[in-house]
Amino acid sequence: MPKHTPPTLNPRSPLVLDTRELPRRPGALRTVKRVSPAPADLGVELIGVPEGADLDLDLRLESVSEGVLVSGTVTGPVRGECGRCLREINDSVAVRIQELYAYENSTTDSTTDEDEVGRMQGDLIDLEPALRDAVVLALPTNPLCREDCPGLCPECGVHWDDLPADHSHQQIDPRWAGLSQLTRKEE
């Protein structure tokens, strides 16, 4: 099965890491701390990182025999809406990432599937797929503004917190209205 050629990486892209200063001997280490703008569509339907928001990358690049192991944390803001009441959510997310990027023409090419391990292009690493996987998997599919959010009244659509305790939409069938008068007299 022929392997497809990935698009050429732009070394100036904020989510592309350059490893030229990292020696290709196991144990060599380099740290990278930078702020990068978030790519588009980094999230799920109800919540995500706004495009262009600052992502703080605190990474460690470690040379191993087959490539470069990238590990560290990514933190950034998330915006969305509550899955129960539709109120706006402004929060932050902090995720750990760890991904091996194999050197070109290493034995990893023949021992793993193409999408199983990240691949380096020359001395460049595209961090976006690993970052996207980590952030999207960390986000809730049904976010809540708070754990005990009561949601909306299904009849009128008003937030339960904004309604009086005795709020009701119970309608009495006019044929039974006389009976309801009997229960009120007993109370």
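Start at L59. Setting aside neighbours within four places in sequence, L59 is in contact (heavy atoms within 4.5 Å) with L17, R30, T31, V32, V70, S71, G72, T73, I97 and L127. This is a predicted model, in which local features need pLDDT of at least 70 and side-chain atom pairs count only at pLDDT 80 or more, while totals for chains, interfaces and linings use all residues. Residues are numbered from 1 along each chain as its sequence is written, and side-chain values use heavy atoms, with hydrogens and water left out.

The confidence comes next. pLDDT is the predictor's confidence in each residue, from 0 to 100. Its mean over the chain is 85, and 87% of the residues reach 70 or more. Helix α1 (residues 108-111) has the lowest confidence, at a mean of 62. Strand β4 has the highest, at 96. Where pLDDT is low, the predicted coordinates should not be read in detail.

Now the overall layout. The chain has three helices and nine strands. Helices (H or I, at least four residues) and strands (E, at least two) are DSSP runs, numbered from the N terminus. Along the sequence the pattern is β-β-β-β-β-β-β-α-β-β-α-α. Among contacts with a separation of 6 or more, 57% join residues 24 or more positions apart. Of the 187 residues, 33% count as buried. Buried means under 20% relative accessible area, exposed over 50%, and partly exposed in between (1.4 Å probe, protein chains only). The accessible surface comes to about 12,200 Å², and 48% of that belongs to carbon and sulfur atoms. These areas come from the Shrake-Rupley method with a 1.4 Å probe; for residues, only the protein chains shown count as cover.

Return to L59 and its strand. Strand β5 spans residues 54-64, and its side chains alternate. L55, L57, L59, L61 and S63 point to one face and are buried.

What pairs with β5? Two strands pair if DSSP finds at least two bridges between them. Strand β2 (residues 29-37) runs antiparallel to β5 and is joined to it by nine bridges. In this pairing R30 stands opposite L61. Strand β6 (residues 67-81) also pairs with β5 in the antiparallel sense, over nine bridges. Here E62 stands opposite L69, and L57 has V74 as its bridge partner. β5 and β6 form a hairpin with two residues between them.

Follow β6 onward. It is joined to β7 by 15 bridges, and the two strands run antiparallel. E81 has E88 in β7 as its bridge partner. β6 and β7 form a hairpin with six residues between them. L86 lies in that turn, with a positive phi of about 70°, although it is not a glycine. L86 is exposed, at a relative accessible area of 52%. β6 also meets β4, through two bridges in an antiparallel arrangement. There I47 stands opposite G80.

D41 sits in the loop between β2 and β3 (42-43). With 71% relative accessibility, D41 counts as exposed.

Next, the core. A nonpolar core is a set of buried Ala, Val, Leu, Ile, Met, Phe, Trp, Tyr and Cys residues joined through side-chain atoms within 4.5 Å. The largest one has 35 residues, and V49, L59 and V70 touch the most other members. Elements giving two or more residues to this core are β4 (47-49), β5, β6, β7 (88-102) and α2 (128-138). β7 gives the most, with five residues. In soluble globular proteins, nonpolar side chains tend to be buried together.

Finally, the cysteines. A disulfide is a pair of cysteine sulfur atoms within 2.5 Å. A search of the whole structure finds zero. For C85, the nearest cysteine sulfur is that of C149, 3.6 Å away. C85 is buried, at a relative accessible area of 6%. For C153, the nearest cysteine sulfur is that of C156, 3.7 Å away. C153 is buried too, at 4%.

G157 lies in the loop between α2 and α3 (177-186). At a relative accessible area of 41%, G157 is partly exposed.
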